[in-house]
Amino acid sequence: MHWPFVIHQSYDRRMDIHARFGGQQQSGISTPVRSPGIFIFTGQGAGAIGYKDQHLPDGTLRYTGQGQTGDMQMISGNAAIRDHSLLGKDLLVFTQQAKGGLVRFDGLFACSGWEIERQRDQNGAERDAIVFNLVPFQELELEGDQLALEPPPPTTPAELRARAYQAATNVPVAKANNSPAAILFQRSRAVRDWVLERAAGVCEGCGNPAPFTTSSGRPFLEAHHIRRLSDGGPDDPQFVAGICPNCHRRAHFSADKDDFNAELLSTVATKEAA
């Protein structure tokens, strides 16, 4: 889905977001049932109830999950953030600029993991808080170009496939000395390595050979996330296709993009089942 929001532009939360796409209007994590996105709100008022969201210099957002009292649980909105990739849901982050005022769109993000941090709850009592590490997608798209140029790892197709499915289903807890972006890139690399291996140098869209061979000796194809707006980040290999640059643009911008993506989904499903 192409979202109608422009980065750094301000919107009325009730009219521009919830009236169009649904979702809880008072929650910091809004999970509309019929929209392919999860809306995350940070900013004004967070500190008043113990939440400690933090924008880091590299663009990463440390976002405190739901739960005003007691230890936070990995349920509801928290689970939705953790599983957004598997659910085919984009994470859209908005910042509340003033209490009761407009919200600023900060862009699309991906969850690279989480950690447990001791924070105070609404009543001032210490509790375990879930803090998500969210990485902006514009950084992931740049990394995606680099992944396509790398040589395949020296291992078997079966091992590549196993790594890809592990990366798709395992959202790790953040670890020291591992930046959120680095964790996400590692998972993204595993999925892309398998998808390009599966394509075997032939576009899974048009069926033509890759347009050229990279300097590393790899046929050049790109990983397209069929269920996702942005071409980057980890996803289930069952929903990622290895396609040529022309088909990739078609999948995003053509008049028949919906039908084309449905065809890609069918092709990938058949190959994965085999």
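The structure, a predicted model, holds 13 salt bridges. One of them joins the side chains of Arg 62 and Glu 115. Another two involve Glu 204, which pairs with Arg 198 and with Lys 271.

**Arg 62 and Glu 115**
- The N to O distance in this salt bridge is 2.9 Å.
- Arg 62 belongs to strand E5 (residues 61-64) and Glu 115 to strand E7 (residues 103-120), so the pair ties together parts that are 53 residues apart in sequence.
- Arg 62 is buried, with a relative accessible area of 14%, while Glu 115 is partly exposed at 24%.

**Salt bridges around Glu 204**
- A network of salt bridges links Arg 161, Arg 198, Glu 204, Lys 271 and Glu 272.
- Glu 204 and Arg 198 meet through their side chains at 2.9 Å, N to O, and both residues are buried.
- The closest N and O atoms of Lys 271 and Glu 204 are 2.8 Å apart.
- That pair links distant parts of the chain, 67 residues apart: Lys 271 sits in helix H8 (residues 257-273), and Glu 204 in the loop between helix H6 (180-199) and strand E9 (222-225).
- Glu 204 counts as buried because its relative accessibility is 6%, under the 20% cut-off; Lys 271 is partly exposed, with a relative accessible area of 31%.

**Ala 80**
- Ala 80 lies in helix H2 (residues 76-82) and counts as buried at 11% relative accessibility.
- Leaving aside residues up to four places away in sequence, Ala 80 touches Thr 31, Ile 38 and Leu 87.
- Gly 37 is 43 residues from Ala 80 along the chain, and their C-alpha atoms are separated by 10.0 Å.

How values were computed: Residues numbered from 1 in each chain as written. Predicted model: local features only at pLDDT ≥ 70, side-chain atom pairs only at ≥ 80, totals over all residues. Heavy atoms only, no water. Helix = DSSP H or I, 4+ residues; strand = E, 2+ residues; numbered from the N terminus. Buried < 20%, exposed > 50% of the residue type's maximum accessible area, 1.4 Å probe, protein only. Contact = heavy atoms within 4.5 Å. Salt bridge = Lys/Arg side-chain N within 4 Å of Asp/Glu carboxyl O.
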